[in-house]
Amino acid sequence: MFWALVALMGAGMAVTMLDNTFAVILGLAIATMGFFAAHGVASAWVTRRARIGKAQASAIYLVAYYLGASILGTLGGYAWTAWAWPGVMLVSGGAATLALLVAVRLIFIAPLPTPEQPSEPVAGL
């Protein structure tokens, strides 16, 4: 699922390259949906895979997420100054390509042996 959502994000970014305001807005909407859906899947995957230290695993993921957003946001600003919108798409496309490569690598990780079970509610509370 993760790779499909990253691909959706990439497709949305490609649509923004059209010389039409409506297409740019539509492309941004598609890319945003793909990005946040992929982020949700990745965040859930981290806590699902962590057998112990789920909170720490989630915290490390969030630190990496915000650090990456800060770095890529800064690089996007420099790319905008140098090459305008195609430069921003180069930075964003590079990040999406990297995420897609990670997603392909994750395909080869063995699934967990048992599905996660929801906790039972406590009676009398």
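Q: Great. Which residues lie nearest the centre of the largest pocket?
A: Those are Phe-2, Phe-35, Tyr-61, Ala-95 and Ala-99, out of 45 residues that line the pocket. Keep in mind that this is a predicted model.

Q: Noted. How much space lies in that largest pocket?
A: About 1500 Å³.

Q: And which helices supply at least two residues of its lining?
A: Helix 1 (2-15), helix 2 (21-49) and helix 3 (54-106) each do. Helix 3 gives the most, with 20 residues.

Q: How do the lining residues divide into nonpolar, polar and charged?
A: There are 36 nonpolar residues in the lining of the largest pocket, along with seven polar and two charged.

Q: Let's switch to His-39. Where is it found?
A: His-39 is in helix 2.

Q: Buried or exposed?
A: His-39 has a relative accessible area of 18%, so it counts as buried, the cut-off being under 20%.

Q: What does the His-39 side chain make a polar contact with?
A: With the side chain of Tyr-61, at 2.8 Å. Tyr-61 is also one of the residues nearest the centre of the largest pocket.

Q: Which residues does His-39 touch, leaving out those up to four places away in sequence?
A: His-39 touches Tyr-61, Leu-62 and Tyr-65.

Q: Back to helix 2 as a whole. Which of its residues are buried?
A: Ala-23, Gly-27, Ala-31, Gly-34, Ala-38, His-39, Ala-42 and Val-46. As a reminder, an α-helix has 3.6 residues a turn, so residues three or four places apart point the same way.

Q: What covers the buried residues of helix 2?
A: The cover includes helix 1 and helix 3.

Q: How does the end-to-end distance of helix 2 compare with what it should span?
A: The two agree: helix 2 has 29 residues, which at 1.5 Å a residue should span 42 Å, and its end C-alpha atoms are 42 Å apart.

Q: What's going on at the start of helix 2?
A: A side-chain oxygen of Asn-20 comes to within 2.8 Å of the backbone nitrogen of Phe-22 there.

Q: New topic: where is the place of Ser-119?
A: Ser-119 sits in the segment after helix 3.

Q: Is Ser-119 buried or exposed?
A: Exposed, because its relative accessibility is 67% and the cut-off is over 50%.

Q: Last one: what separates the C-alpha atoms of Ser-119 and Ala-38?
A: A distance of 25 Å, for two residues that are 81 residues apart along the chain. Ala-38 is one of the buried residues of helix 2.

Technical notes. Residues numbered from 1 in each chain as written. Predicted model: local features only at pLDDT ≥ 70, side-chain atom pairs only at ≥ 80, totals over all residues. Heavy atoms only, no water. 1 Å grid on protein atoms, 1.4 Å probe; cavity = no way out; pocket = protein on both sides within 12 Å on 5 of 7 lines; lining within 4 Å. Points joined across faces, edges and corners; volume = space filled by probe spheres on them. Helix = DSSP H or I, 4+ residues; strand = E, 2+ residues; numbered from the N terminus. Nonpolar A, V, L, I, M, F, W, Y, C, P; charged D, E, K, R; others polar. Buried < 20%, exposed > 50% of the residue type's maximum accessible area, 1.4 Å probe, protein only. Polar contact = N/O pair within 3.5 Å; in protein donor to acceptor, adjacent residues only side chain to side chain. Contact = heavy atoms within 4.5 Å. Expected span 1.5 Å × (residues − 1).
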